[in-house]
Amino acid sequence: MQTSFTNDIQRRFQESNIVMRLIYINIAVFILQLILTIVRLDFVNTWFMFPADPLQAGTHIWSLLSYQFMHADPMHLLFNMLWLYWFGEMFLHFFKASQLLSTYLLGGFIGGLLFFVLYNLIPSLRASEAVLLGASASVTAIGVAVATYRPDLPIRMFIIGEIKIKYVVGFMILLDFYNIQTGTNIGGNYSHVGGAFFGFFFGREMIKGRDITYAFSKLLEKIMWQYRRATHKGPMLRQPVNDRERDFNSNARKRSNQAEVDAILEKISKSGYASLSHEEKEILFRAGGK
């Protein structure tokens, strides 16, 4: 039974998109944190939180990555995972899975570095033994990237109703600065600002057709491909091995997308824009922004 349960979780993980995989990893890490706390080994958790102290950070260099998957309590985890799901699914409408993972990790890196630098430069904070944990900086980077790339993208909020993403993300950033001024979770909010900076830079450059995560994303794509090949059972399409083959595949996708857009435009000419489904409007919206 245990083997069946393990296999079911593994299957669900493999069949999920990158957003759900990140959510599963964050939940799994939090459960591990709880187990270590229950068995009185919670001191191990501190090895994976990112410290502001330079000596500790130098001996726990991996914590600049690991802190992005740790959380202080269930509510901290819940809200971060909800925002990751909402922003992440929107992100995947416009960008690739490897770009989302790159934005998550690099946004977390920049957020952690800003936290570290400011805690060691600002005199009032220098003596603090602060540590950083949580996916907030990474999630903020993803949200700001989408809001920068498609600021007028509508999202539906509970009670409020439909609102443009730029207002939601803008409010979140203003709240971070307000919390910094009031002394509430200063380190965490500094990291959010760092993540927001990376997300803005990524979104702005993608509008210009430049992917600042290109090299990092290619590395992640190779790692993800090797993982899929190692865990996939049965025949599997091979990864393109050269630029010509990648260009051929890219052109084939573009031709397919253009045919889809042409069909939608023809439908508009016959029945009007109101006849389009939500999915067709979204396809046309994305095509018009490229």
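## Before you start

Residues are numbered from 1 along each chain as its sequence is written. In this predicted model, local features need pLDDT of at least 70 and side-chain atom pairs count only at pLDDT 80 or more, while totals for chains, interfaces and linings use all residues; side-chain values use heavy atoms, with hydrogens and water left out.

Helices (H or I, at least four residues) and strands (E, at least two) are DSSP runs, numbered from the N terminus.

## Helix 2 and the residue after it

Let us begin with helix 2, which covers residues 18–38. The expected span of a helix is 1.5 Å times one less than its number of residues. For the 21 residues of helix 2 that gives 30 Å, and the end C-alpha atoms are 30 Å apart, so the two agree. At the start of this helix, a side-chain oxygen of Asn-17 comes to within 3.2 Å of the backbone nitrogen of Val-19.

A residue is called buried under 20% relative accessible area, exposed over 50%, and partly exposed in between (1.4 Å probe, protein chains only). Buried residues of helix 2 include Ile-18, Leu-22, Asn-26, Phe-30 and Gln-33. As background, an α-helix has 3.6 residues a turn, so residues three or four places apart point the same way.

Just after helix 2 comes Arg-40, with a positive phi of about 60 degrees. Arg-40 sits in the loop between helix 2 and strand 1 (50–51), and it counts as exposed because its relative accessibility is 70%. Another residue other than glycine with a positive phi is Asn-185, at near 45 degrees. Asn-185 belongs to the loop between helix 9 and helix 10.

## The second largest pocket

A pocket is found on a 1 Å grid over the protein atoms alone: it is an open set of points where a 1.4 Å probe fits, with protein on both sides within 12 Å along at least five of seven lines, and lining residues have an atom within 4 Å of a point. The second largest pocket holds about 830 Å³ of space, the volume being the space filled by probe spheres set on the points. It is lined by 35 residues, and the closest to its centre are Asn-80, Trp-83, Ser-136, Asp-176 and His-192.

Among the elements that each supply at least two lining residues are helix 5 (74–94), helix 8 (136–149) and helix 10 (186–207). The lining has 21 nonpolar, 13 polar and 1 charged residues. Here Ala, Val, Leu, Ile, Met, Phe, Trp, Tyr, Cys and Pro are nonpolar, Asp, Glu, Lys and Arg are charged, and the others, Gly among them, are polar.

## Contacts across the sequence

Leu-77 in helix 5 counts as buried because its relative accessibility is 10%. Leu-77 and Ser-136 are 59 residues apart in sequence, with C-alpha atoms 9.4 Å apart in space.

Helix 6 holds Ser-102, which is buried because its relative accessible area is 0%. The C-alpha atoms of Ser-102 and Ser-217 lie 5.8 Å apart, although 115 residues separate the two in sequence. Gln-99 is also found in helix 6, and counts as buried because its relative accessibility is 6%.

## Aromatic rings

The structure has 16 aromatic pairs, where rings of Phe, Tyr and Trp (its six-membered ring) pair if their centres lie within 6.5 Å. Ring pairs join Phe-50, Tyr-67, Phe-115, Phe-116 and Tyr-119 into a cluster.

Methods
Polar contact = N/O pair within 3.5 Å; in protein donor to acceptor, adjacent residues only side chain to side chain. Phe/Tyr/Trp six-rings, centres within 6.5 Å; stacked < 30°, edge-to-face > 60°.
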